[in-house]
Amino acid sequence: MSTGFFNELWLSKFMIFRGIYTCLFVSFSSIVIGTFIGMFVGLALTYGNRFTRFLARAYTDIIRGIPVLVLILTFYFVLSVIGINLSALQAGITSLAIFCSAHISEMLRGGLQNVPKGQIEAAKAVGLSFFQTFIFVSLPQALRQILPTWINTAVEIVKGSTLVSLIGVIEITLVMQQIIGRNFLTMQFYALAGLIYFLIGFSIERTGKYVEKKVAIK
Amino acid sequence: MGYHLDYAVIWRSLHDLFYGLGLDLYMALFSVALGSLIGLVVAFALVSKRKLFRVLSGAYVTFIRNIPLMIIILFIYFGLPDAGFTFGEIPSFIFALTIYAGAYIAEVFRGGILAIHKGVGEAGMAIGMSNFQIIVHIKIPLLIRSVMPALSNVYISLFKDASVAAVIAVPELTFQTRRINLETFRTIEAWSSASVLYVASCFLIAFMLRRVERRVAIPK
């Protein structure tokens, strides 16, 4: 070890920044897309007829039964065989989004079903349509209720984004492996990776807590 | 496209897949058992009256919950040998998963402890039990019975996390599947089989845990 940790850190700063950027990009896109898909699946799960409910339930349960790593590898390898050519980055985002959507749908179903029945009846009594009831009565309460779980899922997605390094997306983990491959400061740089992930996760958690307090019913 | 499904390869390597699944279960079971013990101790530290315990256990839980499992594993498997601690692949994975599990399980237990009615502890005090006796004989049995549903969700997700062991070449299910995929190019067959095995095991574990839950549930 001829050069110190901080020297090596300084030399590799741009690589690390790029890794952080990729990690955030992958996580953010997956969460946004996953939430969008998950909303629809969650609605089908709550309000659908028997058939759509069955489909949504099957989707949710199957995705939740498969480890994220297997989802990522499956999407990466299988999609190219059936003729859909996605880059590693796209495959990674797709699989994380699918994983996220299954969690969101389950959470949304729970949130919507927890809205007291009396409120739905009251909404009906004052003449709101189903759609109005959903937008103005059920959804705001459900969203407020699922916020803490949603934040947890977001942190899980950031953590899951480490696994896309295995299909060659150059995010924090893979950047660290490249750096370690050059200078062999294994412990220091993996600890640094842990610290970076901790800071990302912790700030998401704190922001979530803050938003939770802001939107709470006083 | 000209891709014909051919599961013959999978049949031939079914033994490897099941061996991998067994290894996953073994590692998960080991870590879950140890992690539950850690979780129990940490959970009582989280609600302890002493500030030092609260700070230390809180730091452990927040820290580990925000660090990806893969980083923990890479650190333990590749990093710790630099400091003179060398473990094999499976022990280091079990070590990593245990630390990881401990934080999640502690959080579940903490919720359970806070939900225990205050009167229960006071009743114990009234009949002359020490603090330790109250925890061991009253709080822990009540706690385990009440948090079982939340606990089984964590257990299932820890079983799924065992797949991450593939990154340090533990020959578990994901690793075997990737090997079969790369050796035979039977991509769809390999990954669909692995997914079916994982989903089926999760259902089976969930089913068994539901039975345990029903059995230990506190009657209303």
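Colleague: What percentage of the residues of chain A count as buried?

Modeller: Of the 218 residues of chain A, 41% count as buried. A residue is buried if 20 or more other C-beta atoms lie within 10 Å of its own, exposed if 12 or fewer, and partly exposed in between, with C-beta atoms placed from the backbone. This is a predicted model, in which local features need pLDDT of at least 70 and side-chain atom pairs count only at pLDDT 80 or more, while totals for chains, interfaces and linings use all residues. Residues are numbered from 1 along each chain as its sequence is written, and chains are lettered from A and ligands numbered from 1 in the order in which they are written.

Colleague: How many helices and strands does chain A have?

Modeller: Chain A has nine helices and zero strands. Helices (H or I, at least four residues) and strands (E, at least two) are DSSP runs, numbered from the N terminus. The C-alpha trace of chain A spans about 75 × 50 × 20 Å along its principal axes.

Colleague: Turning to the core, which residues touch the most other members of the largest one?

Modeller: Of its 106 residues, they are A:Ile72, B:Ile71, B:Ile72, B:Ile73, B:Ala96 and B:Leu97. Helix α5 (residues 89-115) of chain B gives the most to this core, with 13 residues. A nonpolar core is a set of buried Ala, Val, Leu, Ile, Met, Phe, Trp, Tyr and Cys residues joined through C-beta atoms within 7 Å.

Colleague: What is B:Ile71 in contact with?

Modeller: Leaving aside neighbours within four places in sequence, B:Ile71 is in contact with A:Thr162, A:Thr173, A:Tyr190, A:Ala193, A:Gly194 and A:Tyr197.

Colleague: Which residues of chain A does the "transmembrane region" annotation cover?

Modeller: The unreviewed UniProt entry gives residues 20-42, 62-79, 163-181 and 187-204 of chain A. UniProt positions are given in the numbering used here, feature names are shortened, and annotations may be inferred rather than shown by experiment. Over residues 20-42 of chain A the model is 100% helix and 0% strand, with the end C-alpha atoms 31 Å apart. Residues 187-204 of chain A are also 100% helix and 0% strand, and there the end C-alpha atoms are 26 Å apart.

Colleague: And where is A:Phe184 found?

Modeller: A:Phe184 is in the loop between α8 (172-183) and α9 of chain A. Its phi is near 60 degrees, a positive value in a residue other than glycine.

Colleague: Why does A:Phe184 count as partly exposed?

Modeller: A:Phe184 counts as partly exposed because it has 14 C-beta neighbours inside 10 Å.

Methods
Two residues are in contact if their C-beta atoms, placed from the backbone, lie within 7 Å.
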